[in-house]
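Please examine the structure shown below.

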Number of protein chains: 4
Amino acid sequence: MARQPTIVGNPVLLVIDIQKSAFMDGDPGIPIMPGYSDNMRRARSVVDAAHDAGIPVVFVQEIHRRDMVDYGRELDGSEGIHCMEGEPGTPVAFEEMGRLPGDYYVPKRRYSCFYGTEMEILLKGLKAQTLILVGGMTDVCVHYSFVDGHQGDYHCRVVSDCVGGTSSEAHQAALTAMEYLQEGAVLSAEDIITAMSEQRMAAE
Amino acid sequence: MARQPTIVGNPVLLVIDIQKSAFMDGDPGIPIMPGYSDNMRRARSVVDAAHDAGIPVVFVQEIHRRDMVDYGRELDGSEGIHCMEGEPGTPVAFEEMGRLPGDYYVPKRRYSCFYGTEMEILLKGLKAQTLILVGGMTDVCVHYSFVDGHQGDYHCRVVSDCVGGTSSEAHQAALTAMEYLQEGAVLSAEDIITAMSEQRMAAE
Amino acid sequence: MARQPTIVGNPVLLVIDIQKSAFMDGDPGIPIMPGYSDNMRRARSVVDAAHDAGIPVVFVQEIHRRDMVDYGRELDGSEGIHCMEGEPGTPVAFEEMGRLPGDYYVPKRRYSCFYGTEMEILLKGLKAQTLILVGGMTDVCVHYSFVDGHQGDYHCRVVSDCVGGTSSEAHQAALTAMEYLQEGAVLSAEDIITAMSEQRMAAE
Amino acid sequence: MARQPTIVGNPVLLVIDIQKSAFMDGDPGIPIMPGYSDNMRRARSVVDAAHDAGIPVVFVQEIHRRDMVDYGRELDGSEGIHCMEGEPGTPVAFEEMGRLPGDYYVPKRRYSCFYGTEMEILLKGLKAQTLILVGGMTDVCVHYSFVDGHQGDYHCRVVSDCVGGTSSEAHQAALTAMEYLQEGAVLSAEDIITAMSEQRMAAE
């Protein structure tokens, strides 16, 4: 099949798990690669561009109850306690990301933002066809959200310098895996901002 | 959390997409790593061990209709037409894998064996707690089936020398990603066969 | 919201569980209302009209494995063993319904044709917006398939004289419940055949 | 299959959509049967009994965004705008129901409390096997939550004098439909409170 355009139909920006901990010192319970905070900070430029272009923005948050009933198997591997309700690092970094009224918010208990959430309901309501992903972790929540979007027939794009992984190697491997699924899926912030801007001009 | 035992509760063996094409010459529509066929062939030993230990075996098959209505976005990336109904490479390699009466069969249209399938119904019926994965592709159907099993609270294990990837690098990266999710998840055929055998002896 | 047109966007006909047992003597394991077989037979006229109008037809089949692993809680109530693989009443009544090549087939293990099936994948592939339901049982598989279609944002229609319930009262109550969800949802065969025919003419 | 015990394994109480509007004058946007408020009030006794017996309680809330993106097809039938965020009738009636710290809360956008929610994640975490339902509407959210619980292999119970329908007829028909699915599913508050109490004593 021919390579698809960067944005097909209605795009939606998914901001995956950019939470206060990304900008705090201390152990978030999850290993992070060098430059992680910088990439999260850069995601702000994509959020702003989406706002400018009238593209819906969805803030996704991983959050777990303090009684730990909903961690499932998430503590069997390399992650410690993370994203616990009531901890200072858990709230979405709304201020840092320039959230506007009208933006959406979807909490989740697992890695994929489709698993046990209202995401599919919301995307149907928005008549979304293209999903643009920023946030973390490249190789966990971003990768597995991309996969479920892909399996749900969405055109998926991931902004390589606005996502961060659990290690540089894992970050790079996940980007390669996403590009394998959809050619042209991996873009820089500069590229996606340009595409969003053209989208806006076409709509005007 | 402490590292979990290799087999917790009732195990089930998932044989992911070991289809005739794995043992045929010609282009299966999907890139494959060196040694792919050998690893698929080796999966037979794990199937046999499951049979010996009374562990349920589920053969999963990716299959797409000839009118191509159900490929979704699967042709937007590195894969060409694959697993099409009626093609000689598409049937499950039942003979090569030594299928027995009583084994289960679950077809699927997407990468994860949980996506749009009866897998969760079947696993609940089997009261499964541990999933053991062999087959292909390590970095696509195996990886994403593992992730959904993980998200569904199953203990997941992948047999490293009985799975094959779209490249050696992608294969290795996916194994690393699975080990990240559950420590001890990646095992050799020898190790899992030993664990299955102990499981059988404990049951006797 | 204003009452919606009978057919919005692309329609798809779902033939729910019209299996050989509908036209056989003997106990199907499920209670049936008077006139059940007549209504199932009448469904053929809707299938024919869909074929004439170029509307996709999906045959759905409830089927359970002989080892009974996938009955779930379906035997806790008024139903006995039903739709078991290998029994003479279980195959889809393809001949009686005039199945054509190009029609689709989706097996299921539960009541709703969306639960643990590829239905949503298929409907996305068909770009379906309106679902037309015939078959049985009005108050079980038809009702609960309608509900899931409704929850998935589809316009849902049910053909009142081409569905049959577990009793006349249950049949009527389920029709009332579906009309509650979408005004104008309950139609006669004559009405839906007219609407399908207009759909075809509009497309020509 | 033999009729099942009232409570099998671990029970969980699901309080479906008991929101402030149940105890307010004015139009909630949904038709209600006579005696609706009384039944909602009576549900408190079941919540208290669950607390006494150490049975987990989950408060479910239907809630829709003010921009109406997530109503789906819910306004195509007999319901008007309902459960809108920011309206006085929309908050869960926590005070009236005697909510305690440790109770759970799950919002939803559709009728079934499983559809696009974390319910299955939570129930797996609680190792629940029996679901006890109170709340409203008997023939919509309660009925369709029961059905999804049933399809998910849970033993489901509904407390007939602690649920209320969109009409007396619809209420009764839905109770009959639930009893059809699982014999013994429909119980009075008195019966379920007794069963909960025996559960507690058995645990001590």
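In this predicted model, the count of salt bridges between chain C and chain D is 2. One of them pairs D:Asp153 with C:Arg110, whose closest N and O atoms lie 2.8 Å apart. Polar contacts also span the interface of chain C and chain D, where 22 residue pairs are found with both residues at pLDDT 80 or more. On the side of chain C that touches chain D, the elements giving two or more residues are α4 (138-151) and α5 (168-181) of chain C. Of these, α4(C) contributes the most, with 7 residues. By class, that side of chain C comprises 14 nonpolar, 12 polar and 8 charged residues.

The extent of the interface can be stated in residues and in area. Chain C supplies 34 residues to the contact, and chain D supplies 34 residues. The two chains bury about 3000 Å² between them, with 54% of that area on carbon and sulfur atoms. Within chain C, the greatest losses of area to chain D fall on C:Arg73, C:Gln151 and C:Tyr180, which together make up 28% of what that side buries.

The model contains 3 cavities of 30 Å³ or more, and the largest cavity holds about 1500 Å³ of space. Its lining numbers 48 residues, of which A:Phe114, B:Phe114, C:Phe114, C:Gly116 and D:Phe114 are the closest to its centre. Among the elements that give two or more residues to this lining are α3 (119-125) and α4 (138-151) of chain A, as well as α3 (119-125) of chain C. The lining of the largest cavity divides into 16 nonpolar, 14 polar and 18 charged residues.

Note on methods. Residues are numbered from 1 along each chain as its sequence is written. Chains are lettered from A and ligands numbered from 1 in the order in which they are written. This is a predicted model: local features need pLDDT of at least 70, side-chain atom pairs count only at pLDDT 80 or more; totals for chains, interfaces and linings use all residues. Side-chain values use heavy atoms; hydrogens and water are left out. Contact means heavy atoms within 4.5 Å. Buried area is the accessible area (1.4 Å probe) that two parts lose on being put together, summed over both. A salt bridge is a side-chain nitrogen of Lys or Arg within 4 Å of a carboxyl oxygen of Asp or Glu. A polar contact is a pair of N or O atoms within 3.5 Å; within protein, one must be able to donate a hydrogen and the other to accept it, and residues adjacent in sequence count only if both atoms are side-chain atoms. Helices (H or I, at least four residues) and strands (E, at least two) are DSSP runs, numbered from the N terminus. Ala, Val, Leu, Ile, Met, Phe, Trp, Tyr, Cys and Pro count as nonpolar, Asp, Glu, Lys and Arg as charged, and the others, Gly among them, as polar. On a 1 Å grid over the protein atoms alone, a cavity is a set of points where a 1.4 Å probe fits but cannot get out, and a pocket is an open set with protein on both sides within 12 Å along at least five of seven lines; lining residues have an atom within 4 Å of a point. Grid points are joined across faces, edges and corners, and a volume is the space filled by probe spheres set on the points.
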